[in-house]
Amino acid sequence: MSQNSTAGSVPGRVRPGLTLVVVCIGFAMVIVDTTIVNVALPAIRADLHSGLAMLQWVVDGYVLVLAGLLLSGGVLVDRLGSVRMFRFGVAGFTVASVLCAIAPDGAALVAARLLQGVAAALLMPAAMALLSQAYPDPVAKAKAVALFTTVAGSPQAFGPVLGGVLVSAVGWRSIFVLNVPIGIVTLVLAARGGLPVQAPDRSKRADLPGQALAIVLLICATGALIEGGAQGWSAPLPIAAALVAVVAAVAFVLRERRAAAPMLPARLVAAPGLSAFVTIGLLLFTGYYGLVFALSLYMQQVQHLGALRTGVQFLPSALPIFLLPVLAGPLVVRWGARRVAGAGLLLGAVGAVALFAVHDGSGPVTLSVALFLLGSGVGLTVGPQIALVVGAAPADQSGIASGLLNAGRQTGSVLGVAILGGLAGGVDRVAGLHTAAVVAALLLAAAAALTVPRHRAAPAAAVPQRIEPRS
């Protein structure tokens with residue numbers, strides 16, 4: 001068993017139980033902030049006098065930076081050490097949360113959310129590295145990861161409910177204040193010693209030019225979508241942002257082909273099926289989280305529900321997302337990851353289409369049925385999609401593949417809020433919601449088509465589910 005000898009920690013043997021608790025708390029804090037904000041948007045809008053575009057940046061700014069920096073964050077964790085980067089990420093996220101809570105205007109809030117994303121991009125890969133190092137035995141590791149999946153992943157599903165309670169009882173700033181005691185407790189536990197320490201690998205280097213181009217691409221593409229919906233597609237800002245995004249995309253591809261240590265190794269990108277399996281996650285998260293954003297505005301601005309009732313209304317979606325990834329395991333073993341993922345995506349598409357029954361005077365039952373179908377589709381898909389990506393990646397690049405998986409999903413969340421949020425934010429909110437539902441259904445159907453094997457030999461189709469944290 002490795003010795004914990006990091007500076008500032010108490011020397012001693014690794015304590016797997018403590019490590020599991022610490023990474024669960026820290027990871028959950030980061031994950032809940034991807035969804036808890038949605039139900040607070042009308043309150044933020046009223047208090048800070050912000051428009052729809054600013055609300056989209058409040059949600060997307062955090063996830064955008066997180067998605068863009070995940071791969072480089074993993075390299076820094078390997079290079080500088082998982083314990084150090086975990087502590088740094090938790091401390092940075094806590095400070096950024098304070099800045100969110102005291103933000104005087106929309107611009108300050110967006111800037112603080114960007115800082116949260118930077119800290120989260122260090123914390124997430126560090127947490128996964130610590131968990132892997134604490135449980136070297138495969139059987140024990142599988143049990144620990146299963147528990148980690150449930151505990152750390154549940155805040156993403158129940159974030160709107162928690163947000164509704166806090167906004168109704170205290171106000172929107174409380175959703176960020178909540179992170180402060182959680183972050184302090186995590187840091188105190190992490191300082192007690194017992195976390196696994198692995199020698200930093202100074203040979204690992206981040207592709208800084210490639211990273212910069214990826215960030216420019218994501219920011220400009222998102223900005224073009226958000227500002228295009230707010231200012232009009234012919235306005236100078238969205239046109240300029242779109243042009244810069246195209247240039248950055250071309251430059252990124254050229255850079256990756258020539259870089260000595262590219263962000264995306266050529267052998268990984270060329271792995272059969274990998275690109276399609278990552279795209280499934282991107283499309284899934286684009287459709288689902290775009291609808292979560294659109295529905296949050298619809299419930300509060302059209303149906304005039306309070307933040308608490310809005311959060312509770314999301315429960316029919318949250319429960320299957322929380323429960324089905326574990327229950328889907330036997331189905332994956334029997335039918336294969338491709339078939340289960342395809343069935344889940346089609347079920348989610350049916351849920352999106354069911355939103356057409358929602359209108360001004362519709363009751364909660366209609367919306368609950370649509371949300372249940374949508375959440376069930378997501379719950380059935382997340383685990384098999386992870387299995388497909390991990391199964392398609394070369395064995396020695398599974399870590400980078402996991403980073404690519406999460407980056408694709410978070411990018412999907414960014415695009416969903418930008419695209420579907422813009423569609424649902426027009427004058428006629430009901431018609432806008434229906435349009436967003438159509439787009440989401442098409443995205444999920446397209447993702448389902450990617451699960452169909454292109455040839456007979458498809459080993460990844462029967463990859464057993466490997467339970468990983470939802471993110």
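Colleague: How many disulfides does the structure hold?

Modeller: The structure, which is a predicted model, holds zero disulfides. To be counted, a pair of cysteine sulfur atoms would have to lie within 2.5 Å.

Colleague: Why is Cys-24 called buried?

Modeller: Cys-24 has a relative accessible area of 7%. The cut-off for buried is under 20%, and Cys-24 is therefore classed as buried.

Colleague: What makes Cys-100 count as buried?

Modeller: The relative accessibility of Cys-100 is 0%. Since buried means under 20%, Cys-100 therefore belongs to that class. Of the 471 residues of the protein, 57% count as buried.

Colleague: Why is Ala-445 called partly exposed?

Modeller: Its relative accessibility is 34%. Buried requires under 20% and exposed requires over 50%; Ala-445 therefore counts as partly exposed. The residue lies in helix H18, which spans residues 429-449. Between Ala-445 and Leu-346 the C-alpha to C-alpha distance is 6.0 Å, although 99 residues separate them in sequence.

Colleague: How do you know that Leu-345 is buried, and which residues is Leu-345 in contact with, its neighbours within four places in sequence left aside?

Modeller: Leu-345 has a relative accessible area of 0%; the limit is under 20%, so Leu-345 is buried. Its place is in helix H15, residues 337-354. With neighbours within four places in sequence left aside, Leu-345 is in contact with Ile-280, Leu-284, Gly-377, Thr-381, Leu-444, Ala-447, Ala-448 and Thr-451. Each of these contacts implies heavy atoms within 4.5 Å. Gly-379 stands 34 residues from Leu-345 along the chain, and their C-alpha atoms are separated by 9.6 Å.

Colleague: Among contacts in the protein with a separation of 6 or more, what share is accounted for by residues 24 or more positions apart?

Modeller: Such residues account for 84% of those contacts. As for secondary structure, the protein has 18 helices and zero strands.

Colleague: Which classes of residue make up the lining of the second largest pocket?

Modeller: The lining has 20 nonpolar, five polar and two charged residues. Of the 27 lining residues, Leu-71, Phe-252, Leu-264, Val-278 and Leu-404 lie nearest the centre of the pocket. Leu, Phe and Val count as nonpolar. The pocket has a volume of about 740 Å³. Helices that each supply at least two residues of its lining include H3 (52-80), H12 (274-301) and H17 (398-424).

Definitions and conventions. Residues are numbered from 1 along each chain as its sequence is written. This is a predicted model: local features need pLDDT of at least 70, side-chain atom pairs count only at pLDDT 80 or more; totals for chains, interfaces and linings use all residues. Side-chain values use heavy atoms; hydrogens and water are left out. Helices (H or I, at least four residues) and strands (E, at least two) are DSSP runs, numbered from the N terminus. Buried means under 20% relative accessible area, exposed over 50%, partly exposed in between (1.4 Å probe, protein chains only). On a 1 Å grid over the protein atoms alone, a cavity is a set of points where a 1.4 Å probe fits but cannot get out, and a pocket is an open set with protein on both sides within 12 Å along at least five of seven lines; lining residues have an atom within 4 Å of a point. Grid points are joined across faces, edges and corners, and a volume is the space filled by probe spheres set on the points.
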